[in-house]
Amino acid sequence: MLSWLFLILLPACDNPCVDYCKELDAWLADCGTTWETEFEEKDWESVQDCFDHHWEADDGDRKTCGRRIKKLSDEECY
């Protein structure tokens, strides 16, 4: 069972968009806001929606996610 899970998660290991979703989830929690509030236009309700959206990101999207991670680390709550 664990080997099956490992094989599923393996392609995501080099996807900075998955890391971005995790960081964004933590930022939302720290700021006391929700996915529903911040991403109402995308109809996202959880980090899983972010994962689903970015799971098969192309190289351009991955670069964008990498930049967003850096920007998010400087983002203050509003």
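Colleague: Which helices each supply at least two residues of the lining of the largest pocket?

Modeller: Helix 2 and helix 5 (59-74) do. Helices here are DSSP runs (H or I, at least four residues), numbered from the N terminus. Keep in mind that this is a predicted model: local features need pLDDT of at least 70, side-chain atom pairs count only at pLDDT 80 or more, and totals for chains, interfaces and linings use all residues. Residues are numbered from 1 along each chain as its sequence is written, and side-chain values use heavy atoms, with hydrogens and water left out.

Colleague: Where does the largest share of that lining come from?

Modeller: From helix 2, with 4 residues.

Colleague: And what classes of residue are in the lining?

Modeller: There are 7 nonpolar, no polar and 4 charged residues. Among those lining the pocket are W27, F39 and E38.

Colleague: New topic: where is T33?

Modeller: T33 sits in the loop between helix 2 (16-31) and helix 3 (35-38).

Colleague: What does the T33 side chain make a polar contact with?

Modeller: With the side chain of E38, at 3.2 Å. A polar contact is a pair of N or O atoms within 3.5 Å; within protein, one must be able to donate a hydrogen and the other to accept it, and residues adjacent in sequence count only if both atoms are side-chain atoms.

Colleague: Last one: is D30 buried or exposed?

Modeller: D30, found in helix 2, is exposed because its relative accessibility is 67%. The cut-offs are under 20% relative accessible area for buried and over 50% for exposed, with partly exposed in between (1.4 Å probe, protein chains only).

Conventions:
1 Å grid on protein atoms, 1.4 Å probe; cavity = no way out; pocket = protein on both sides within 12 Å on 5 of 7 lines; lining within 4 Å. Nonpolar A, V, L, I, M, F, W, Y, C, P; charged D, E, K, R; others polar.
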